[in-house]
Each structure stands twice: as C-alpha cells, then as structure tokens.
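Visitor: Hello! Could you walk me through this model, one question at a time?
Guide: Gladly; here it is.

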Amino acid sequence: MNVMEEVDVTEKKGTLSVFEQASKMGHEQLVYCHDEATGLKALIGIHNTVLGPALGGTRFWNYATEEEAVTDVLRLSRGMTYKAAVSGLNLGGGKAVIIGDVSKLKNEAFLRRFGKFVDSLGGKYITAEDMNMKTSDMEYIGMETNHVTGLPVEMGGSGDPSPVTAYGVYVGMKAAAKKAYGSDSLEGKKISVQGVGQVGMYLTQHLAKEGAQLFITDINQERLEKVSKDSGATIVGMDEIYDVDVDIYAPCAMGATVNDETIGRLKASVIAGAANNQLADEVRHGRMLIDAGIVYAPDFVINAGGIINISSELAGAYNKEQAYSWTEKIYDTTQNIFKLADEKSIPTQDAAMKLAEKRIEDIGRVKLSM
Ligand code: NAD
C-alpha cells in the first residue's frame, strides 16, 4: 500500500478498470450481490483481512452510476483497514454499499436477502450501520447472519456508537492541544464545532464540562439552539465557522472542509474533529497544514471510538467500561503519530497511515510464523 498511489487512483477514477483500482488500492475481494425478486444490488468490498475479519458498515445510497458505487466501496473499505489497524484492533477493513432509492427498496425481505449475502462470506465480512441504515435494519440482517454488529443494547449489542466516538475525539483533541500548546487542558480554550449532530453534541458536553469556550454551527436550527442552551456555546454562521478566532477547529459534519479555500482562513492552531475525510487532498493539504503551523489530528485516528465500541461487542458480551477504556488509548496513539510525523518531517495523516501499514506488516509476519 502506498499513499501516493492511492491518491492517484482517486484522481483518475473512472479511467481504471475495477481490477486495476482494486490492485492499486490493495483489495482482496469485491463481491457483487444481486437478487431480482427484491431488487437488491449491492457490493461488498473486502480490503484487507490480515489483522482479522473485515469490519465496516453498509451504506444505502442512490449512486448515479455503478462505477461511482464501486469507487465508493473500494475507498471506504480501504479506510476501514487503516482505522482498525492504527487503533490496535484485530480487525480488517471492509464496507458494503447497497445501490438504489432507499425509500422505494428497503423492506424486510430486501434486508434479509442482503443478510444472506453477508452470511455467504462465512464471517470474512462483518457488517454494521452506515448512511441510511438504522439499528432496526441491522435486526433484519441479523435474522440471516451472525456477522452483524451495532445491534441494540437490549439485544446484547453496542447500540449507538456516537457517545464513544465523541469521547475518542475529545481525548484525541487533548493530545493535539498538548502538542500545540504544551498542555492538554482545554479549559479556557476557544473551540469551534462544525455540526452538532450526534457526535458533535456529545463532544460539546465534554468540552463545556472542561471549561472550553465554544462556537457552534449547524444547518439544523433547532438542534443548534438546544446545544447552545445546554453548553453555553455561541452560535455562528455556517461559513463564518472558518473565520472565528479560535484555538481549535473541530469538523463534525461533512468531509473535505480542510481545503485550498479554508486553510488560509482558519485561525486555529489545532484541527481535531469527527468528520471523515477532512482533508480534501490527503497529501497536498497535509503539507499545507504543516506550512500553516496547524496541528492536525488525523480523522480516522481520533474518530475510531465507534469501531472500538463495536470491537467490544465482538469480543463477547458488550462492556461499556471496556469500550471507553480502549477508546482512551486514542490519546497515546495520537501522540505517537505526532512523534513519528516530527521525526520523519511528514504530515500527520501520512504518519498515521505508516503506523497502520507497519502494524499490518508486523502482525502479518507473526501470523505466518510457526
Ligand atoms: P449526524 O448526521 O448526527 O450529525 C451531522 C450534523 O452536521 C447534523 O446535525 C447536520 O445538520 C450537520 N451539518 C450537515 N451539513 C452541515 C454544514 N454544511 N454545516 C454545518 N453543519 C452541517 O452525524 P454524526 O453521527 O454526528 O457524525 C458526524 C461526522 O462524524 C460524520 O462525518 C460521520 O461520518 C463522522 N463519524 C461519525 C461516527 C459516529 O459514531 N457517529 C463515527 C466516525 C465518524
């Protein structure tokens, strides 16, 4: 696996065949699932199973083309490999995408048919929730396969991962503050939170408790007002969030908000948030952040609380305390990444990927030896 090569794939998407894309990104398997009766069309991407079974959610999306769905499942499953590896989990990376209009297609038979396909892989792929999938959908999938996670707590599952994800972002942010300011205390720090949905809302609770001064934005006005009332946060405009004079910027809504246009506007010395794929261009923007003197806590490292939570569910009976204590290790992992980035003069995103790759290589060797 090579960082530069993978970026190349993204840039040339559409011009490469499926096998060429899979080969460049290092995938093991791509499974096409089709069922005429229910209208199911799905893809299951298995990127790497050296560390363990490939875990990753199922995304239901009305992709404009099949090519788009292929690129998405390949990209997302690869991301899961890195997230699990850097988090010290014995899990590989996988993801599934279901193609079509969720409002027209999703029903019990459809989901159970998908569950059958997951089951046919014999545990090599374990599914979970992602966009447009709910806990109740997981219950239907779980009627046809045991290889499903994220079931409700009352069914022995780990339930909503967001509080644990938020806790991981919080400890990762503290590690980044320590790097930028010499202390991991967030008391009195000015912090902007973009998106106060599930993760953003829980994050503001930790930050308010520690005495941070918060600035929040969201497209959902009702939610914004509630979080502002509960945390004492100041509400700012959706575009204004990039210009607020803060110490830390926490993207917790959509990806690619760290880009050519925003880096020059940000006043923060730290970027640490929950959103996936925060850097519009992993390589170029990683370097631009170094030049701007901004400490970036890689998203896939500090937002791993959700998958860590699931790993506790997979380890046997779900244990909330165990999930939080494993998630707390994100602090040390983030610090190790900063150290490696400094030693090698590389962006923190690259350092995190290198740590993940090294673990896969090392453990792969252990598994092969007698
Ligand atoms: P969510 O949908 O509950 O919250 C997202 C919030 O962002 C919503 O309140 C939405 O109104 C707001 N938003 C959307 N567009 C916006 C914009 N342009 N400006 C400001 N706000 C905007 O999602 P979530 O579960 O809280 O996840 C937040 C992010 O973290 C996502 O990128 C998600 O992929 C990532 N993530 C979540 C988890 C998890 O456990 N939930 C785990 C890993 C990563």
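Guide: A term first: helices here are DSSP runs of H or I with at least four residues, numbered from the N terminus. Under that naming, Thr165 is found in helix H7. Please keep in mind that this is a predicted model.

Visitor: Is Thr165 buried or exposed?
Guide: The cut-off for buried is under 20% relative accessible area. Thr165 has a relative accessible area of 9%, so this residue counts as buried.

Visitor: Which residues does Thr165 touch, not counting those up to four places away in sequence?
Guide: Thr165 belongs to helix H7, and residues up to four places away in sequence are left out of this list. The remaining contacts of Thr165 are Val199, Ile302, Asn303, Gly305 and Gly306.

Visitor: How many residues surround the ligand?
Guide: Thr165 is among the closest, together with Gln198, Val199, Asp218 and Ala253. By type, the shell divides into nine nonpolar, seven polar and one charged. The number of residues that surround the ligand is 17.

Visitor: How many Å separate an oxygen atom of the ligand from an N or O atom in the side chain of Asp218?
Guide: A polar contact needs N or O atoms within 3.5 Å. Backbone N or O atoms also come within that limit of ligand oxygen atoms: one of Ala253 at 2.7 Å, and one of Ala274 at 3.2 Å. For the side chain of Asp218, the distance is 2.6 Å.

Visitor: Which elements give two or more residues to the shell around the ligand?
Guide: One of them holds Thr165, namely helix H7. The elements that give two or more residues are helix H7 (162-181) and helix H8 (198-209).

Visitor: Which strands are the edge strands of the open sheet of six strands?
Guide: The order is S8-S7-S6-S9-S10-S11, with parallel pairing. Inside that order, five bridges join S6 (residues 190-194) to S7 (residues 213-217), and Val193 stands opposite Ile216 in S7. An edge strand pairs on one side only, and this holds for S8 (234-235) and S11 (295-296).

Visitor: What is the bridge partner of Gly57 in S5?
Guide: Strand S5 (residues 125-129) is mostly covered, with four of its five residues buried. Strand S3 (residues 54-61) runs parallel to S5, joined by five bridges. In S5, the partner of Gly57 is Ala128.

How values were computed: Residues numbered from 1 in each chain as written. Predicted model: local features only at pLDDT ≥ 70, side-chain atom pairs only at ≥ 80, totals over all residues. Heavy atoms only, no water. Near = heavy atom within 4 Å. Polar contact = N/O pair within 3.5 Å; in protein donor to acceptor, adjacent residues only side chain to side chain. Nonpolar A, V, L, I, M, F, W, Y, C, P; charged D, E, K, R; others polar. Buried < 20%, exposed > 50% of the residue type's maximum accessible area, 1.4 Å probe, protein only. Contact = heavy atoms within 4.5 Å. Pairing = 2+ DSSP bridges.
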